[in-house]
Amino acid sequence: MKAARNGTKEGLGRRKLAMIRKVSFLQRKDSTGDGKDDAGYMDVSLCEVKHPPPQLCPMPEGLSSQQVVRRLILRSIVQSESSYLDSLKRILQEYQKPLLETQTVILNPKKVRQIFHRLHEIYQCHCMFQIALASRVAEWDQSENIGDLFVASFSKSMVLNVYSDYINNFTSAMALIKKACLSKPAFLDFLKRKQASSPDRITLYGLMVKPIQRFPQFILLLQDMLKNTPRSHSDRLPLQLALTELETLAEKLNEQKRVADQEAEIQHLAHSTGERNLNKLLNSEQRQLIHCELLTEIVFGDKGQVIKSKERKVFLINDTLICANVNLKGPPDINTLVPVGPKYTVKWSASLLQTQVVEVGQDSLQGKDGVITARCRNSTASITGKVLLGPPRLYQELEELQHDLAVVEEVSLLVGTLHGIYQNLNTTVSQDWCLALQRLIRLKEEEIQNANKCRLRLSVPGKPDKSGHPVSIMVVFNTPNPFSKISWVNRLHLAKIAQRKENTSGWECAEEDGKTKALLSCPLLTCKLSVFSSRTHTLKLEAALHSPSQSRLLGFCTASTSLPQGYLWVAGGGGNSNHGQVEIFSLNRASARLVKTLPLRAPVLCLEYVKEPCPSTEEKTEKAQRAAKTGNIICVGLQDGSIHVQSSVDTAVQCLLTLVNPDNCPVLCLKHSLSFLFAGLANGKVAIYHRKTGERLWDVDSCRLMSLGSKPVYCLLALEDTVWASCENQVTVIQGDSLCVQSFEAHADPDFSVSHMVHSGGGVWMAFTKGSSIHLFHTETLQQLQEVNISTRTNYLSPGHICVSSLLISQGMLWVGTSQGVIITFSVPTLEGIPKITGKAMTSLNAHCGAVDFLVSASSTLASDLLRRDSIFNISKESANGEGGGGGGNVEGERGEQKLENSRHTENLETSPWKQDKPKHLLLQYHLHSTSQLPGKLLTAQPEQGNPRASPDLQMEDGSIYEVNEDPDVWLRGRPLELGKEGEAKRNKVTSTAIFSGGRGYRRIGLSSSEETCSDSSENTLLVWQLPLTLSQ
């Protein structure tokens, strides 16, 4: 048994033999027909008499509401598993068995085994699970435990192996079925008969796809079970561990399915091209499919009108963009039974680095010496200079309106110099002209933005013209929805970054025996920044944080390629200086840039961004107005013991409050809860400041000291309604309201003080001032669940003193910064389970020369109006209600409050005296009555009456792309409106994430000595990693 515990093959074999001897219904499986080694696999002879299916007994009386719900969820698990087993049994008995046993050979037995590869093993695994489930269901009313059963059943490597083999073979199996249907009519008739005779009319494909969907179904059921399990219940931790196992298993299977699907797509594409260089790329082992999607190519005429549209499949592979024609036609009989794979015909391919995304109005970004050719009906025609396509002349119309506004403003200044008073020529009339033009400019900008939301315009290189000048061909695609457009722009941008030298060999994964990962499978190093000036090299980086801020001035593509919107605060202090400094970087572009420097009287040791608590419906308006005035609240902890409460509105910073502690002890860490601000001090105490209900700031005189020990309080962690504070090797859990405390030991050695804590799901990872191990603790039972020594997970840490200098969890990755400047990451689950480390580590080959001083995550959600397909009709309605903005300042804001309908019922201008207190009403009467019969367009600051004019972008050809809906919350075609608890519309969120690491210098590791680079090791450096956009709800 010792060998079995050590994981050797001999010990594993002995353990399996022991299980076979003890369990009577387990038998060793015979070898498969394809000759693969299935050593250790055990067949199950399931007898319903000896092992009846799970059956819940009648519900007893006196159960709580949570117990009733848990029984209902358990019943759903039982019914779901029974249905799944029936589906597997149908495949084996109604399809595989007749095909193998029929005397008239319909299909080669070898191909039959290939089609149903590993299905029998999957069936056996779930038979074993059902036997155990029946036993657990029978004793449910006594124990009410189910989580440990899932852990024991689905944490085995055998389950992963059989499901992996099945999923990897799924695409090939579907291809075999398709080929057999085309070549063997008897097989096609067999499938038709089986579908017709089945009670639910489900096809073979519908049955065979169920194993792929099984584990996501389990995860949803266990999530519901966990939500209805009290914290003190014995099943709580097992359920969290079960979620962890199932999520890990599902992620591995999803990744294998994604790789298999990509491989199939590339193979289909490779068979359709005869170009030598393209074939070489597609058949290379290094090629990787980054993104592909079915888009609609739009072809325009000479005047910008839509001539025709055609569906294309666009592929982004490594550094090449490929456009292919799609042929989805196939025999109708086969299409109803199994999906028929498409046939591609490559239309063109282009180098990624020479491909640019061009928005409406940005065509001038092309080279002056280049020739831009539009894909139109006359493909031989080319025009030198700028060609505007899509919404015709939108950008030119905008320039014309801006020109007219400048002229009218000059006229308004001249009118103001008149000495006489004229009824139809005064400054009020000229102001209305200016406001009307400003409104038209705003609407035209909205038209351009709406045209960009679902239209992908690419400038790709073409063949040089006769004179040898380069030619760029403008290709225009319509995307299915705004998120598709954002995804393409973002991945094209990141794919170019992935081609840089620092990213082509950016990470090394231990499980791949030295092979490096590239492209978008790992975080990409976007830029390197120097922090603090050369005169302040003595300052040490101490802390950083992200101050989110939505910028509505960013264009559609700029928002999808920029870093998470907002500002990055980087603080430093110490060294030979008695002063501190904060540098603020703007993240509203593809690379960060310094916008403000904030000097402070003492070194800065920590920062804390204070989130505004979620207000109730009645308080939303008041809190929004107050937050707009105050801005983001950022607390700055200084070495002199003071805390500066700063207000930040973009780059404007103001100190609202200064808090001090009675001991004047340095503030090492800060965290806030709903009612308190906690400050960890260097003398082992925590200073607690109270915040009154409804207030954003804390009471200066409310400081309360809580002693935790004699050593510094290095770390604080806000966790739901508690705050965790570390002192020495102890962690104290402080209740948020009552301030009651509970302590536990995080390390057996008192010299190992807890220095960092990060939270995810149901666990907290901790690092220590000494040693290279990190520990995982359960948030509810406070027991240790895992210990990982990072020094054994990478080959790039030198022997000697190694400790963890920073820690971060973001987007399912645990980032570990070391004292040697090397950064290591681990994949961890992201659901409500336990964030255990189960895979191998990845080491960044981009490192610092000194310790990694901090790791900070910046995340922001793109504005929801960028994802809506609102037409100009909705915008006009908002403007009519006075919600529109513009460049008119307060005058326009006041005018927006006027109601246009009231002016129709007022008296005529000839009978109304000129009143100085109501000039705006008279102004509207003047326009509506005196100019209503004149030719031309009505010029007024108010929205037009009647039906608004059709937008140039809303044409018959584009009717399916830009949807005109009375409800602005419907932004995706065919997607129903969903309402949340507050009655508000739910929208998918597009999240942008970046990781920042700070330390001394920059160096490349893992290369030969001649290739390794190292910058100035004394320079404070910020490394910025960017992740692809993610879609969530």
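## Cys 727

Cys 727 counts as buried, at 4% relative accessibility. The cut-off for buried is under 20% relative accessible area, so Cys 727 falls within that class. The model is predicted. Cys 727 sits in strand β27, which spans residues 722-727.

Leaving aside residues up to four places away in sequence, Cys 727 touches Gly 684, Leu 708, Gly 709, Ser 710, Lys 711, Pro 712 and Val 713. Gly 680 is a further reference point: 47 residues separate Cys 727 from Gly 680 in sequence, and their C-alpha atoms are 9.2 Å apart in space.

## Thr 838

Thr 838 lies in a loop. The loop runs between β36 (823-827) and β37 (842-844). The relative accessible area of Thr 838 is 42%. Partly exposed covers the range between the buried limit of 20% and the exposed limit of 50%, so Thr 838 is partly exposed.

Thr 244 is 594 residues away along the chain. The C-alpha atoms of Thr 838 and Thr 244 are separated by 9.8 Å.

## Helices α5 and α11

Two packed helices are described by the angle between their axes and the distance between the axes. Helix α5 covers residues 119-138, and helix α11 covers residues 210-227. They pack at an angle of about 25°, with axes 12 Å apart. Angles under 35 degrees count as roughly parallel, so α5 is roughly parallel to α11.

From α5, the contact is made by Leu 119, Ile 122, His 126 and Phe 129. From α11, Pro 211, Arg 214 and Phe 218 take part. By class, the residues of this contact divide into 5 nonpolar, 1 polar and 1 charged.

## Cavities

Rolling a probe the size of a water molecule over the atoms shows where empty space is left. The structure holds 7 cavities of 30 Å³ or more. The second largest cavity has about 50 Å³ of space.

Which residues line the second largest cavity? They are Ile 167, Pro 211, Ile 212, Phe 215, Pro 216, Ala 250, Leu 253 and Asn 254. Helices α11 and α12 (236-270) each supply at least two residues of the lining. α11 gives the most, with 4 residues. The lining divides into 7 nonpolar, 1 polar and no charged residues.

How values were computed. Residues numbered from 1 in each chain as written. Predicted model: local features only at pLDDT ≥ 70, side-chain atom pairs only at ≥ 80, totals over all residues. Heavy atoms only, no water. Axes fitted to C-alpha atoms, helices over the stretch in contact; angles between N-to-C directions. Parallel < 35°, antiparallel > 145°, perpendicular 65-115°, else oblique. Contact = heavy atoms within 4.5 Å. Nonpolar A, V, L, I, M, F, W, Y, C, P; charged D, E, K, R; others polar. Buried < 20%, exposed > 50% of the residue type's maximum accessible area, 1.4 Å probe, protein only. 1 Å grid on protein atoms, 1.4 Å probe; cavity = no way out; pocket = protein on both sides within 12 Å on 5 of 7 lines; lining within 4 Å. Points joined across faces, edges and corners; volume = space filled by probe spheres on them.
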